[in-house]
Amino acid sequence: MGTLLCLTTAHADTVAVAVAANFTAPMKQIAAEFEEKTGHVAQLSFGSSGKFVAQIQNGAPFDVFLSADQQKPEVLETAGTAVAGSRFSYALGRLALWTIQPDIDPLATLRNGQFNKLAIANPRLAPYGLAATQVITQLGLSESIESKLVQGDSIAQAWQFVSTGNADLGFVALSQISLNGKISKGTAWVVPLEQHDPIRQDAVLLQRGEHNKAAVALLQYLQSAPARLIIRQYGYDIPQ
């Protein structure tokens with residue numbers, strides 16, 4: 001998207017943004033700072049990346065798409081629904097196995113089967129859900145825990161299952177449960193990167209937003225130092 005040369009504008013515009021659920025907390029903070037510094041307004045919608053793709057392909061009025069993976073923005077770009085050459089990686093996601101119980105080892109509990117329900121995001125819709133199934137397979141637990149799995153449409157629903165006690169454990173985004181390197185509640189096992197495919201999250205400018213100054217400015221701001229600082233604070237790595 002190039003380098004952001006100027007953050008101020010005399011003509012404020014509005015940009016409609018479809019945001020992967022895992023990026024909810026950092027994006028709210030980034031959008032607030034973006035609005036303060038540019039005057040543009042970012043209207044945020046959060047949900048599963050898979051559902052957003054279907055909505056965008058069916059004409060949903062979004063200007064920018066922040067996916068939880070690389071593949072879905074690439075599909076839109078190939079189909080001509082997104083602006084060619086606008087796609088870039090804005091974050092590298094981290095997966096965590098989480099419980100709200102402060103005195104439980106999540107990985108040991110997963111291995112020994114001493115739990116009732118394990119929440120994951122739908123692997124067909126959410127990249128974090130696909131990563132969770134890869135970890136479960138690598139641990140050799142696919143068959144033993146199959147009857148205990150509960151799926152949410154997005155990583156936000158997986159988090160909700162655990163946070164409300166409807167699931168004892170859940171694979172969630174590290175960004176949902178931590179800030180500045182500390183787990184906010186309960187205990188978590190941060191999954192080593194080698195145990196699943198990289199969760200490389202891409203942003204793309206959609207055709208509807210091609211001539212929207214706010215849309216272009218938001219994607220530029222997402223690559224700025226202040227935005228990247230926020231992204232890191234929520235447990236993401238920054239793509240090189």
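Q: How many bridges join strand β5 to β11?
A: Two strands pair if DSSP finds at least two bridges between them; strands (E, at least two residues) and helices (H or I, at least four) are DSSP runs, numbered from the N terminus. In this predicted model, 4 bridges join β5 (residues 95-99) to β11, and the two run antiparallel. Thr99 has Thr187 of β11 as its bridge partner.

Q: May I know on what basis the values rest?
A: The model is predicted: local features need pLDDT of at least 70 and side-chain atom pairs count only at pLDDT 80 or more, while totals for chains, interfaces and linings use all residues. Residues are numbered from 1 along each chain as its sequence is written, and side-chain values use heavy atoms, with hydrogens and water left out.

Q: In what order do the strands of the open sheet with β5 and β11 lie?
A: The order of its 5 strands is β7-β6-β8-β5-β11, with mixed pairing. At the edges are β7 (149-152) and β11 (187-190), each pairing on one side only. Axes are lines fitted to C-alpha atoms, for helices over the stretch in contact, and angles run from 0 to 180 degrees between N-to-C directions. Neighbouring strands here are turned by 30 degrees against each other on average, direction ignored.

Q: Which strands does helix α5 touch?
A: Contact means heavy atoms within 4.5 Å. Helix α5 (residues 127-138) packs on this sheet and touches β5, β6 (118-121), β7, β8 (169-173) and β11; its direction makes about 130 degrees with that of β6. Helix α6 (residues 155-163) also packs on the sheet, touching β5, β6, β7 and β8.

Q: Is Ala21 buried or exposed?
A: Buried means under 20% relative accessible area, exposed over 50%, and partly exposed in between (1.4 Å probe, protein chains only). Ala21 is buried, with a relative accessible area of 7%. Ala21 is found in the loop between β1 (14-20) and α1 (24-38). Leaving aside residues up to four places away in sequence, Ala21 touches Gly47, Ser154, Ile155 and Ala156.

Q: Which residues touch the most other members of the largest nonpolar core?
A: A nonpolar core is a set of buried Ala, Val, Leu, Ile, Met, Phe, Trp, Tyr and Cys residues joined through side-chain atoms within 4.5 Å. The largest one has 66 residues, of which Phe23, Leu66, Leu110, Leu118 and Phe171 touch the most other members. Helix α8 (residues 213-222) supplies the largest share of this core, 7 residues.
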